[in-house]
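Biologist: I would like to go through the charged pairs here and the words used for them. Please set each value against its definition.

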Amino acid sequence: MARPRIAAGEIGQIQVTQLASGKWRARARMRNDSGDLVQLRAEGATEEAAHNELLARAREQMTQTKAIVTGASTIAEAAAAWLPTVKVRAENGMLSWSTYENYEGMVRLTLVPVCGGVTLDALTVGRCDRIIQNLLADRGISAARKARSVLSLICGFAVRDDAIPTNPVRDVTRLPTPEKKTTMLTPPQIEAIRDLMTRWREAEGMGPRPNWRALVDGMDIMLGTSARVGECIGLRRCDVDMTTAPPTILIDGTVIQNKVQGILRKDAPKRTRQRRRVALPALAADAVRRRLALADRGAEALLFPTKTGKPMSVSNYERLLRSFIDDNRDALLRLGVEVDEYSTHIYRRTTATLVERAAGLTIASRLLGHANEMVTRNSYVITAEQVDIVTADILDSILGA
């Protein structure tokens, strides 16, 4: 009877013998992934060591590559092997450079100092859970959530490299959801803030006036369109159509910044599917007209450029806003504004809430560019305390007096 054919990827009978030197030698035949029959040989100090080494060489034959990490690799070593694969994706436009830099920073500043010496085969679910829970206690929810995400990606890489059988991070305790921000601006507050911005540092002897006009116009455009700050300062002359009634703007880009590319306008919003054309209410239309009057003549001219015509960075715009808040803190507090939560994000939240209350969640979600209405509900819309009084009429008609 013919000997059964060894299938591709399978190994035949392993023979282990002891050599005159005292070492052990393991031998076997296997068929690699290309279908060729190869002879394997491995030596070790013990019978078990020789057997295991032969199996390791068999695994190399099955994939034609040597594993980058093993169970004995530390988290720091696994991260060092994983990050170049992320960098390749960024270089090929499959991932933003900002994301790569965030991952690299989390590895370097948090994971390596906290648990970089732990080997992958010692990274149990319990140990992962303790690492994340300690970060939660020491550094807060945001740091713990980011560390959990990056550690899970590293472990997923190790699973794909056959270093560990499963990803232990997936079964750690669910982290609490960050508390939803519930601050927004009222129409009277918006009007008063606009007045404060207009008069900011206008007195003589206070040095050069900051770019207060950019603050006012940016606020009005963000409130009128729900655009994020990067999308707002990334607007160009060609994105604006003032010939329609009402005028419109096309939100199809945003300003980004990273170490590799510097400050530039990306030709897509935060997510490509959020590209949208928005009708301008009067306050936003007036702000756009002011920006057009200040902008260069070319179609690609930015509405919020620097003095050299380059894109203004998000960090510079937010720094300008923080400077205004610091100078006008007492006045803002008198207006009832929660200054510690005042950032450009409050404009988007205000717009979402006002539109949802007037026209419903679907329209608010479309205005913000969300694919899922629950994102709008959970992260942006502030639920009104007063339930619609129509419920009383409905129950009266059913239950009677």
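Modeller: Start with Asp340, which is exposed at a relative accessible area of 68%. This is a predicted model, in which local features need pLDDT of at least 70, side-chain atom pairs count only at pLDDT 80 or more, and totals for chains, interfaces and linings use all residues. Residues are numbered from 1 along each chain as its sequence is written, and side-chain values use heavy atoms, leaving out hydrogens and water.

Biologist: Why is Asp340 called exposed?

Modeller: Exposed means over 50% relative accessible area, buried under 20%, and partly exposed in between (1.4 Å probe, protein chains only). Asp340 has 68%, so the word exposed applies.

Biologist: What makes Arg329 partly exposed?

Modeller: Its relative accessibility is 33%. That value falls between 20% and 50%, so Arg329 is partly exposed.

Biologist: Why is the contact of Asp340 and Arg329 called a salt bridge?

Modeller: A salt bridge needs a side-chain nitrogen of Lys or Arg within 4 Å of a carboxyl oxygen of Asp or Glu. For Asp340 and Arg329 the N to O distance is 3.0 Å, so the pair qualifies.

Biologist: How many salt bridges are found in the whole structure?

Modeller: The search finds 21. One of them joins Asp220 and Arg290, at 3.6 Å from N to O. Asp220 lies in helix α7 (residues 212-225) and Arg290 in helix α9 (residues 282-294), so this pair ties together parts 70 residues apart in sequence.

Biologist: Is Asp220 buried or exposed?

Modeller: Asp220 has 3% relative accessibility, which is under 20%, so it counts as buried.

Notes:
Helices (H or I, at least four residues) and strands (E, at least two) are DSSP runs, numbered from the N terminus.
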